[in-house]
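Visitor: I have not looked at this structure before. Please take me through how to read it, one feature at a time.

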Amino acid sequence: MKHTNDSQPDGAWLSDQLRRQAQGHDADLDRITARFEHLTADGAAPSTSRRRVMGPMRMRLLGIPLGIAAVLASATVAVAVSVGIAVSARPHTVVPVTSPKTSPSATITTAAPPTPTDTPTEGATSPTAAATTATGTGTADSTGNLPATASVDTHSTEYWVQENLTVTPTRTIKELHITVTVSGGTSVASTGIWTTIAPAELETEVTRVPGGLEYQVTLKPGQSLKPAAYRFGFQFNRPASGHDFALDTYNITGTASDDTALTASGGFAG
Amino acid sequence: MDGGSGGERRRPHGTDSEFAAFFAAHYNELARFAYLLIGEHAAADDVAAEALAEAWKGWARVSTADRPLAYVRRIAANIAANRTDRVVRERRSWRLWSGGRSEQAPHPDSDASVDLQTALLRLPARKRACVVLRYYYDLSERETASTLGISVGTVKSQSSRGLEELAAQLRGSRTASAAANGGRRRSATEGANR
């Protein structure tokens with residue numbers, strides 16, 4: 001299992017090489033300043049309520065969660081929805097189709113059954129704690145016998161969108177397939193998928209289709225999901241000129257361990 | 001935060017002096033960090049700019065964080081990861097469209113001579129970020145974990161595998177295929193990573 005060979009580069013060697021490599025880049029201050037100013041031009045002043053700075057953190061950095069603290073806490077109690085701090089106090093409720101609110105802390109974790117091993121970082125805690133200000137864009141109704149909720153993440157901007165989908169099976173399921181269709185033709189570009197399910201248990205794929213984008217998430221054969229809330233974030237860049245959320249839809253099919261067929265479908269616009 | 005307007009040095013328009021100082025102190029370092037993560041000069045500067053813009057938008061929070069720089073590095077790592085993932089995804093879906101044969105890989109997998117940058121870019125984003133934070137910045141596992149917002153265990157495994165895989169690639173640059181066995185096979189199991 002170990003794979004040793006004589007001249008294996010070690011950590012010290014790598015540090016040295018990386019520094020050398022980094023020296024090869026000298027930042028272009030004008031470029032950075034110009035881009036910075038462009039990006040900050042409209043919203044100008046920093047705002048405490050927008051929490052835009054958390055923006056990148058919801059991304060699948062690596063498939064990793066960053067609002068961890070709050071999310072973990074709430075995920076452990078299997079709250080169905082995208083839980084914000086404000087709504088996290090509902091132990092073991094399986095929230096059916098209707099309820100929730102999107103919350104900015106709907107940051108999605110990859111670790112399946114979350115165990116709070118990690119101490120919160122400064123980045124994760126403070127901003128997440130401020131999360132309650134967000135007002136969701138509403139949650140769309142779902143049809144089918146598999147509880148699911150969908151919404152547009154409140155951190156979405158005029159350039160970037162995350163559409164949230166929470167699936168809350170009430171019994172163990174052994175098959176799951178999710179298709180999300182995003183409208184917008186060639187004006188949208190995927191920036192990825194997040195999920196609270198361990199990546200190794202899933203197959204994901206994003207394809208460009210004539211209408212826009214199609215995200216596919218499939219539970220790998222042999223895997224199963226216990227009753228809990230599972231979250232997904234479907235992310236894409238959109239044009240500032242507009243995006244018709246009403247045309248974005250999801251369709252879920254699955255099979256419970258007792259072979260009941262499960263379905264859910266709906267849209268993301270609330 | 002409302003524009004202490006004592007402008008002595010060139011500061012990004014619309015920011016206050018505290019942020020301007022942060023900007024001045026760190027833009028170059030952030031751009032280099034981004035360069036290691038993304039491998040292109042212009043894109044690296046853009047990532048640094050975007051990370052700084054995000055930092056400014058949330059400055060009230062960022063500035064009071066324990067380690068604002070760590071926070072901004074995380075933002076930069078996330079942005080870089082998003083960008084590289086997008087490239088990979090676009091390439092992948094293009095391949096689907098074009099019926100399986102597509103070229104255009106920015107980092108040809110069969111290249112005979114692999115340099116560090118190329119090898120680095122072949123790592124999945126998380127692993128790459130771990131490796132760079134651990135070995136470029138010499139951050140501890142704990143610091144790396146808190147910078148990226150991931151667990152120490154993940155940092156451990158990702159950075160040691162990352163090192164191993166880099167080593168294999170670099171060593172294998174002459175004997176190309178030998179490299180595939182060590183690090184790669186293992187990562188294939190969790191390869192849904194990306």
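Visitor: How many helices and strands does chain B have?

Guide: Helices (H or I, at least four residues) and strands (E, at least two) are DSSP runs, numbered from the N terminus. Chain B has nine helices and zero strands. From the N terminus on, its elements read α-α-α-α-α-α-α-α-α. Chain A has four helices and eleven strands.

Visitor: Where do the numbers and letters come from, and what kind of model is this?

Guide: Residues are numbered from 1 along each chain as its sequence is written, while chains are lettered from A and ligands numbered from 1 in the order in which they are written. This is a predicted model, in which local features need pLDDT of at least 70, side-chain atom pairs count only at pLDDT 80 or more, and totals for chains, interfaces and linings use all residues.

Visitor: What pLDDT does each chain average?

Guide: pLDDT is the predictor's confidence in each residue, from 0 to 100. Chain B averages 75, with 66% of the residues scoring at least 70. Chain A averages 68, and 60% of the residues score at least 70. Over residues 47-137 of chain A the pLDDT is below 50, and beyond near neighbours in sequence this stretch has 232 contacts in the model. Two residues are in contact if their C-beta atoms, placed from the backbone, lie within 7 Å.

Visitor: Where in chain A is confidence lowest, and where is it highest?

Guide: In chain A, confidence is lowest in helix α4 (residues 122-129), at a mean of 34. Confidence in that chain is highest in strand β5 (residues 173-183), at 95. In chain B, pLDDT stays under 50 over residues 1-9 and again over residues 174-194. For the model as a whole, the scores are ipTM 0.73 and pTM 0.44.

Visitor: What share of each chain is buried?

Guide: A residue is buried if 20 or more other C-beta atoms lie within 10 Å of its own, exposed if 12 or fewer, and partly exposed in between; C-beta atoms are placed from the backbone. Of the 194 residues of chain B, 52% count as buried. In chain A, buried residues make up 49% of the 270 residues.

Visitor: How do I read the span and bend of helix α1 of chain B?

Guide: The expected span of a helix is 1.5 Å times one less than its number of residues. Helix α1 of chain B (residues 17-38) has 22 residues and reaches 30 Å from its first C-alpha to its last, close to the 32 Å expected. The bend at a residue is the angle between axes fitted to the seven residues ending there and the seven starting there. α1(B) bends by about 50° at B:His26. Just after α1(B), B:Gly39 takes a positive phi of about 80°.

Visitor: Which residues other than glycine have a positive phi?

Guide: Most residues other than glycine have a negative phi. Among those with a positive value is A:Asp259, near 75°, in the loop between β10 (249-256) and β11 (261-267) of chain A. A:Asp259 is exposed, with 8 other C-beta atoms within 10 Å. Another case is B:Asp138, at about 60°, in the loop between α6 (125-136) and α7 (141-148) of chain B. B:Asp138 is partly exposed, with 13 other C-beta atoms within 10 Å.

Visitor: What is the order of the strands in the open sheet of chain A?

Guide: Strands of a sheet pair through backbone hydrogen bonds, either parallel or antiparallel. Here, two strands pair if DSSP finds at least two bridges between them. The open sheet has six strands in the order β2-β11-β10-β5-β8-β7, with antiparallel pairing. β2 (142-143) and β7 (202-209) stand at the edges, each with a single partner strand, so one side of each is left without a neighbour in the sheet.

Visitor: How many bridges join β7(A) to β8?

Guide: Eight bridges join β7(A) to β8 (residues 212-219) of chain A, and the two run antiparallel. A hairpin joins them through two residues. A:Val209 stands opposite A:Gly212, and A:Glu203 stands opposite A:Thr218.

Visitor: Which residues is A:Gln216 in contact with?

Guide: A:Gln216 is in strand β8 of chain A. Leaving aside neighbours within four places in sequence, A:Gln216 is in contact with A:Thr179, A:Thr204 and A:Glu205. A:Gln216 is partly exposed, with 15 other C-beta atoms within 10 Å.
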